[in-house]
Amino acid sequence: MTHSHHTDHSSSPAIVTRGLTRHFTSRKQTVEAVQGLDLEIGQGELVAFLGPNGAGKSTTLRMLTTLIPPTSGTAQVAGHDVVTGQREVRRAIGFVGQGNGAGHRQLGRDELVSQGRAHGLSRADAHRRADELIEDLDLTAVADRKVSSLSGGQRRRLDIAMGLVHLPRVLFLDEPSTGLDPQNRANLQGLIQRLHAESGSTVVLTTHYLEEADALAGRVIVVDHGTVIADDTAARLKSGLGDLVRLGFGSASASARAASRLARVADARVDVADGTVDLRVKDGSAMVGELLADLAADGVPPTRVEVARPTLDDVFLDLTGRSLRETQQSTEPSTPETESEVAA
Ligand SMILES: Nc1ncnc2c1ncn2[C@@H]1O[C@H](COP(=O)(O)OP(=O)(O)OP(=O)(O)O)[C@@H](O)[C@H]1O
């Protein structure tokens, strides 16, 4: 691995988009998949793209990796325009898409070696790199089998290895951990972190696992309906939402009385359901003692108290009105051409 160190602010950004837009027309219906994205991602950043199904994440990645041209707007990746500099962009990037990258009839190891050779590695380097990745991605037992005989998760890991063979300067991963078991998901996270730290590569990934975005990414970009609706560190997105203080009461009248008392707490959002009051407030854990004393003094002491730090899922729900957990469970990885999605 090369050890040039990351986050070089003096040089140009790894990715710049201006008004990046992509429409799809099928059966006389137009889907505005990506609508005027303005992004700037610096060299060495590790960015997670989050959004509900159909938000435009894959379409954005497919434009940035030159697989489909924008309808309008521009994008530069590694200093080259994705349309006029397609070849240069492709040479600089690695892409792990949602489909399968490796051919079927080959052996996994041979696929990796030929991918390395195609990217200009010497035969010896290509073999060494393939060995490294086979080890890193826990493919040792299956690397010498035909690709077509691998399980879904094994294929996924081979595809990821294919995208990493040439130590790309900019790496795009479209839902890399989908279909992996928890063990392999954790391994993959470690691998992405190492790659990022050791080679200073810029990494852009989409994921439906919010914990993954939280653990890995220095920057989280939330998209919905083809536009960016939030762009910040996970920590700031969460602290902006505040803690959840959930108070339980013996009766609905007690919770109503407590709620009217709590409405006076500055900058808090109060929700009452019978018997419970939810308070969304900055630093809930620090203020809960005082809060309880106040309620006791007013004669409405709660019978139960919970304080929860916000998760990225809470942020996501707050921003999009949808829980990513729900969308993740209810939907299979999308086949974009299906009519229901086009109509959505
Ligand atoms: N080739 C295509 N033809 C028609 N519509 C498309 C095509 N590709 C994508 N779309 C539509 O564009 C919108 C954005 O799709 P995209 O795949 O970018 O979403 P996504 O955020 O990656 O979603 P997911 O989380 O489900 O992977 C969707 O409404 C989708 O149906």
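In this predicted model, helix α5 (residues 152-164) lies across β6 and β7, and runs at about 170° to β6.

Both strands belong to an open sheet of six strands with mixed pairing, in the order β6-β7-β8-β3-β9-β10. At its edges stand β6 (93-96) and β10, each with a single partner strand, so one side of each has no neighbour in the sheet. From one strand to the next, the twist averages 15°. Within the sheet, strands β7 (residues 170-174) and β8 (residues 202-206) run parallel and are joined by five bridges. Leu 173 has Leu 205 in β8 as its bridge partner.

Helix α8 (residues 234-241) has three named buried positions: Ala 234, Leu 237 and Leu 241. Seen down the axis of α8, these fall within an arc of 70°, so they line one face of the helix. The table lists elements that cover them.

| Element covering buried residues of α8 | Residues |
|---|---|
| α7 | 210-216 |
| β9 | 219-224 |
| β10 | 227-232 |
| β13 | 276-281 |
| α11 | 312-320 |

Just after α8, Gly 242 takes a positive phi of about 90°.

The largest nonpolar core has 68 residues, and those with the most contacts inside it are Ala 48, Val 77, Ala 161, Phe 172, Ala 213 and Val 220. Leaving aside residues up to four places away in sequence, Val 220 touches Ala 48, Leu 50, Ala 213, Asp 232, Thr 233, Ala 234 and Leu 237. Another core, of 13 residues, lies apart from the largest one and includes Val 245, Phe 249, Ala 258 and Leu 279.

Technical notes:
Residues numbered from 1 in each chain as written. Predicted model: local features only at pLDDT ≥ 70, side-chain atom pairs only at ≥ 80, totals over all residues. Buried ≥ 20, exposed ≤ 12 C-beta atoms within 10 Å, placed from the backbone. Helix = DSSP H or I, 4+ residues; strand = E, 2+ residues; numbered from the N terminus. Arc of directions from axis to C-beta. Contact = placed C-beta atoms within 7 Å. Core = buried A, V, L, I, M, F, W, Y, C linked by C-beta atoms within 7 Å. Pairing = 2+ DSSP bridges. Axes fitted to C-alpha atoms, helices over the stretch in contact; angles between N-to-C directions.
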